[in-house]
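I opened this notebook to keep track of what I looked up, one entry at a time. The entries are meant for someone who has not seen the structure before.

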Amino acid sequence: MTDFIDAFRRAVGLIGTLDPTLVEILGLSLKVSFSAVVIASLLGFAIGGALAVYRFPGRSAVSAVLSALMGLPPVVAGLTVYLLLSNVGPLGVLQLLYTPTAMIIAQVVLVTPIIGALTRQSCQDLLEEYDEQLRSLGASSSDIVVTLLWDGRYRLITAVLAGFGRAIAEVGAVMIVGGNIDHVTRTMTTAIALETSKGNIALALALGIVLLGLAFAVNAALIGVQRLANRFAYA
Amino acid sequence: MLDSTSPLQALEGHLASPPLPVELKELVYEAGSKRVINGIDLTIDTRRISAIMGPNGAGKSVLLRLMHGLIAPTRGEILWAGRRVDRLMARRQAMVFQRPILLRRSVAANISHALGLRGIERGERAIRVGEALRLAGLQRHASTPARVLSGGEQQRLCLARALSLEPDVLFLDEPTSSLDPASTLAIERLLLDAQRRGIKVILVTHDVGQAQRLAHDVIFLHRGCVIEHQDSESFFTNPRSEGAQAFLSGGLVL
């Protein structure tokens with residue numbers, strides 16, 4: 001117990017003194033997950049909006065697959081991207097394995113279905129309400145997609161935050177394609193796994209506390225967005 | 001509330017030229033196995049307000065949607081001055097629905113969005129948004145989120161949005177069915193103004209008083225058929241069909 005209290009005290013010290021190792025790991029984590037979420041958002045908005053508005057054969061099958069992929073296990077996303085990027089894989093020539101870029105790609109694979117499926121749902125709900133009015137106004141399909149995305153903006157922000165929460169907290173995908181290389185591809189989650197197994201509980205705890213703080217921040221932002229939307233009757 | 005002077009003065013330069021007559025020929029619309037519109041032949045050739053009346057389920061809303069081109073007839077055709085409803089014709093029409101459908105944006109942005117869809121340029125859009133807001137007495141609410149307006153204000157905004165498109169033909173599907181008398185009056189004034197400007201107004205209404213106040217002619221629908229079409233004065237004083245007689249005397253029309 002004293003060991004734990006001691007580790008906790010040192011963990012708080014690491015955070016308080018902005019320990020360079022901790023800051024470096026946090027910085028990489030944020031960079032990777034933030035980049036992944038930006039890319040996944042652009043993809044997800046386009047895919048979700050198109051699935052809600054355009055009619056084409058196989059549309060409902062694509063929607064079902066997208067929804068199912070929301071629960072994609074991170075290790076499977078990691079494995080898939082690993083196979084693509086490995087030397088014998090189709091994208092092996094790019095030599096991206098064990099780089100932050102590979103980690104971003106893996107997290108894009110993980111997060112795009114989440115944002116895409118939530119976007120599709122939001123657009124579909126709005127379309128039910130707006131369809132006749134928009135057609136009466138002479139909107140084209142692409143006009144309708146743009147309108148639905150903008151009018152669903154609060155729900156889309158929620159989707160993006162959910163995606164970010166997923167990306168920043170996952171360990172399997174970045175571990176497999178990043179390799180947890182010190183100073184190169186070590187993120188908060190992979191570092192926690194490693195430092196814990198090495199017995200360096202203080203750093204692991206410090207990272208854990210920061211991660212938890214991020215999770216709370218994301219959640220607080222979600223609630224804030226919801227309140228704002230309700231106030232304007234935009235929910 | 002509305003100005004007592006004509007709120008449409010700014011727009012009076014553009015007199016609408018509705019593509020009349022509108023002719024419905026052997027019009028049939030089936031939803032699944034149910035025949036909602038059952039062979040309608042009808043010609044409307046007045047620039048004044050036409051009311052479509054009839055009991056629930058008579059096909060009034062469907063008829064309006066067919067005329068606006070929102071749904072396609074199963075058989076038959078609709079001609080506006082001899083032309084079918086194509087994209088160009090659709091741009092000359094606008095519609096106000098029974099329940100106000102407003103975007104999750106400000107009052108002004110709702111109108112501006114509609115103008116944008118019709119390809120109106122930005123500068124012109126701002127002018128028309130201002131005119132439309134004044135028309136509907138909603139200037140104070142320009143930046144208010146549209147969906148926090150009262151029901152009456154929301155419907156007025158929907159009508160202002162439709163009018164800002166400067167349509168030749170305006171459809172309304174029971175626009176005042178859930179509004180209080182003051183809001184209803186505001187809507188009716190706007191409709192009479194629109195008519196004076198030359199816009200052809202076709203209105204579905206349940207409200208006998210409203211039809212008497214507004215309509216020049218009444219189309220009475222029953223079970224998907226037009227069973228009476230005459231000018232409103234004779235319709236209300238001397239309805240020819242049994243269905244219309246029962247409807248007007250407050251009886252249940254089945």
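My notes on the two chains follow.

**Ground rules.** I noted that this is a predicted model, in which local features need pLDDT of at least 70 and side-chain atom pairs count only at pLDDT 80 or more, while totals for chains, interfaces and linings use all residues. Residues are numbered from 1 along each chain as its sequence is written, and chains are lettered from A and ligands numbered from 1 in the order in which they are written.

**Chain A.** I looked up the elements of chain A and found 10 helices and zero strands, where helices (H or I, at least four residues) and strands (E, at least two) are DSSP runs, numbered from the N terminus. The C-alpha atoms of chain A fill a box of roughly 70 × 50 × 25 Å along the principal axes. I also checked burial, and 40% of the 235 residues of chain A count as buried; a residue is buried if 20 or more other C-beta atoms lie within 10 Å of its own, exposed if 12 or fewer, and partly exposed in between, with C-beta atoms placed from the backbone. Among the contacts in chain A with a separation of 6 or more, 80% come from residues 24 or more positions apart, a contact being two residues whose C-beta atoms, placed from the backbone, lie within 7 Å.

**Where the chains meet.** I then turned to the contact between the chains, which takes 16 residues from chain B and 14 residues from chain A. On the side of chain B that touches chain A, β5 (93-96) and α3 of chain B each supply at least two residues. By class, that side of chain B has 11 nonpolar, one polar and four charged residues, with Ala, Val, Leu, Ile, Met, Phe, Trp, Tyr, Cys and Pro counted as nonpolar, Asp, Glu, Lys and Arg as charged, and the others, Gly among them, as polar.

**The six-stranded sheet.** In chain B I traced an open sheet of six strands in the order β5-β6-β7-β3-β8-β9, with mixed pairing; two strands pair if DSSP finds at least two bridges between them. The edge strands are β5 and β9 (225-231) of chain B, each pairing on one side only. From one strand to the next the twist averages 15 degrees, where axes are lines fitted to C-alpha atoms, for helices over the stretch in contact, and angles run from 0 to 180 degrees between N-to-C directions.

**A closer look at β5(B).** I followed β5(B) to strand β6 (residues 169-173) of chain B, with which β5(B) pairs in the parallel sense over four bridges. A94(B) stands opposite L170(B), and the bridge partner of V96(B) is L172(B). In a regular strand the side chains alternate between the two faces of the sheet. In β5(B), Q93(B) and M95(B) point one way and A94(B) and V96(B) the other way, and all are buried. I also noted that α5(B) lies across β5 and β6 of chain B, running at about 180 degrees to β5(B).

**The three-stranded sheet.** Chain B has an open sheet of three strands in the order β2-β1-β4, with antiparallel pairing. Because β2 (34-44) and β4 (75-80) of chain B stand at the edges with a single partner strand each, one side of each is left without a neighbour in the sheet. Strand β1 (residues 22-31) of chain B pairs with β4(B) over five bridges, and L24(B) has I78(B) as its bridge partner there.

**Helix pairs.** I compared two pairs of helices in chain B. The axes of α3 (residues 107-117) and α4 (residues 122-135) of chain B come within 9 Å and cross at roughly 130 degrees, which makes α3(B) oblique to α4(B); angles under 35 degrees count as roughly parallel, over 145 as roughly antiparallel, 65 to 115 as roughly perpendicular and the rest as oblique. The contact of α3(B) with α4(B) has six nonpolar, two polar and two charged residues. The axes of α5 (residues 151-164) and α6 (residues 181-196) of chain B come within 9 Å and cross at roughly 10 degrees, so α5(B) is roughly parallel to α6(B).

**One loop residue.** Last, I looked up A215(B), in the loop between α7 (208-214) and β8 (217-222) of chain B. A215(B) counts as buried because it has 25 C-beta neighbours inside 10 Å. A215(B) and I49(B) are 166 residues apart in sequence and 4.8 Å apart in space, C-alpha to C-alpha.
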